[in-house]
Amino acid sequence: MPVAPKTVLCIHDLPGFGRAGLAVITPVLSALGVQAVAVPTAVLSSHTGGLGAPARLSSPGYGPAALAHYRRLGVRFDCIYSGYLSETSQALLVEQAMEYWPDALKVVDPVMGDHGRMYGGLPAEMVPALYNLCARADLILPNTTEAALLLGDPLPGPGATAAEAADAAARLTRVCPQVLVTGVEAGHSILCAGAVRGAEGYTVRTPLFPRSFHGTGDIFGAVMVGRLLQGNVAQAAAQAAAAFVGECLRATPAGADERLGVWLEAVLPRLMPNEPPRR
């Protein structure tokens, strides 16, 4: 009998336009042979990065009802993966999922800000709420701004160094046993600084592309989760995720609107395992 695909509970927002959130996470996980079960924190006509005020569909009761339904069905999740949360109640929803499925790998992308500032529209209470969520995770994926918010440090400028990122990652292992600080520019490279509680840290480097597209962090996180569930260690999973984001950037023509995300569609097949031809 074939082995059933691993299953990931994905608690993120769902933008209809703009290649971000669940709109990219779900196809990436599917291409990696992983079943994605999406629990949208909000349904938006587009992401919120420069495309105007999106239409929004939000139902506070949906998330808890969905989790209760999955419990009644006896669904088993191999991983719980959370991302952008717009309200502190949504952090509590992720905590509830962690309590329902305690054996699942728990991955939190504490989406709060970038480039030295917190995202507009997020309440100040989101920082302690996400801190508490990160403390219950197995792996967190902050950028340098989010790492500073979690640590209570001054927000970094645009030129955070590799050494600063490595230091932040190591200090955050007091909160979560595995940390990967992402998106650090270092010369002609972009790097991620990883730290594991009680072990040596590591660095992942890929060539720097001088463009900033919405949704690449969600693609990175989805590939990393998929590779971890395939049995990769964190460093190898991060390297694979960074390399795939680079492929997406190379596939996106020069001059493409950065608000609309990378041209993921042409690159997705490269994530699929090579199967021998059928006779």
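1. In which loop does Arg-19 lie? Arg-19 is found in the loop between strand S1 (7-15) and helix H1 (22-31); helices (H or I, at least four residues) and strands (E, at least two) are DSSP runs, numbered from the N terminus. The phi of Arg-19 is near 50°, a positive value in a residue other than glycine. With a relative accessible area of 24%, Arg-19 is partly exposed, where buried means under 20% relative accessible area, exposed over 50%, and partly exposed in between (1.4 Å probe, protein chains only).

2. Basis of the note. The model is predicted: local features need pLDDT of at least 70, side-chain atom pairs count only at pLDDT 80 or more, and totals for chains, interfaces and linings use all residues. Residues are numbered from 1 along each chain as its sequence is written, and side-chain values use heavy atoms, with hydrogens and water left out.

3. Overall form. The protein contains eight helices and eleven strands. A compact globule of 279 residues would have a radius of gyration near 19 Å, and the 18 Å of the protein agrees with this; the radius is taken over C-alpha atoms, and the globule rule is 2.2 Å times the number of residues to the power 0.38. The C-alpha trace spans about 50 × 50 × 45 Å along its principal axes. Of the 279 residues, 48% count as buried. Among contacts (heavy atoms within 4.5 Å) with a separation of 6 or more, 66% come from residues 24 or more positions apart. The accessible surface comes to about 13300 Å², of which 55% belongs to carbon and sulfur atoms; accessible areas come from the Shrake-Rupley method with a 1.4 Å probe, and for residues only the protein chains shown count as cover.

4. Nonpolar cores. In soluble globular proteins, nonpolar side chains tend to be buried together. A nonpolar core is here a set of buried Ala, Val, Leu, Ile, Met, Phe, Trp, Tyr and Cys residues joined through side-chain atoms within 4.5 Å. The largest such core has 45 residues, of which Leu-9, Trp-101 and Ile-140 touch the most other members. Helix H4 gives the most to this core, with six residues. A second, separate core of 44 residues includes Leu-29, Leu-139, Cys-192 and Ala-242.

5. Aromatic pairs. Three aromatic pairs are found in a search of the whole structure; rings of Phe, Tyr and Trp (its six-membered ring) pair if their centres lie within 6.5 Å, with planes under 30 degrees apart counted as stacked, over 60 as edge-to-face and the rest as tilted. Phe-77 and Trp-101 form an edge-to-face pair, at 4.8 Å centre to centre and 85° between the planes. This pair links distant parts of the chain, 24 residues apart: Phe-77 is in the loop between helix H2 (62-73) and strand S4 (79-82), and Trp-101 in the loop between helix H3 (88-100) and strand S5 (105-108). The rings of Tyr-100 and Trp-101 have centres 5.6 Å apart and planes at 85°, so this pair is also edge-to-face. Tyr-70, Phe-77, Tyr-100 and Trp-101 form one aromatic cluster.

6. Surroundings of Trp-101. At 9% relative accessibility, Trp-101 counts as buried, whereas Tyr-100, at 24%, counts as partly exposed. Not counting residues up to four places away in sequence, Trp-101 touches Leu-9, Leu-67, Tyr-70, Arg-71, Val-75, Arg-76, Phe-77, Ile-80 and Lys-106.

7. Helix H5. Why is helix H5 (residues 144-151) described as largely enclosed by the rest of the structure? Seven of its eight residues are buried, so the helix is largely enclosed. The buried residues of H5 pack against strand S6 (113-114), strand S7 (117-118), helix H4 (126-134), strand S8 (139-140), helix H6 (162-172) and strand S9 (178-186). At the start of H5, a side-chain oxygen of Asn-143 reaches to within 3.1 Å of the backbone nitrogen of Thr-145. Just after H5, Gly-152 takes a positive phi of about 75°.

8. Val-108. This residue is in strand S5 and is buried, with a relative accessible area of 0%. Not counting residues up to four places away in sequence, Val-108 touches Ser-82, Met-98, Leu-133, Cys-134, Ala-137, Leu-139, Ile-140 and Leu-141.

9. Two further loop residues. His-115, in the loop between S6 and S7, has a positive phi of about 55° although it is not a glycine; at 57% relative accessibility, His-115 counts as exposed. Ser-46 lies in the loop between strand S2 (35-44) and strand S3 (56-57) and, at 6% relative accessibility, counts as buried.

How values were computed:
A polar contact is a pair of N or O atoms within 3.5 Å; within protein, one must be able to donate a hydrogen and the other to accept it, and residues adjacent in sequence count only if both atoms are side-chain atoms.
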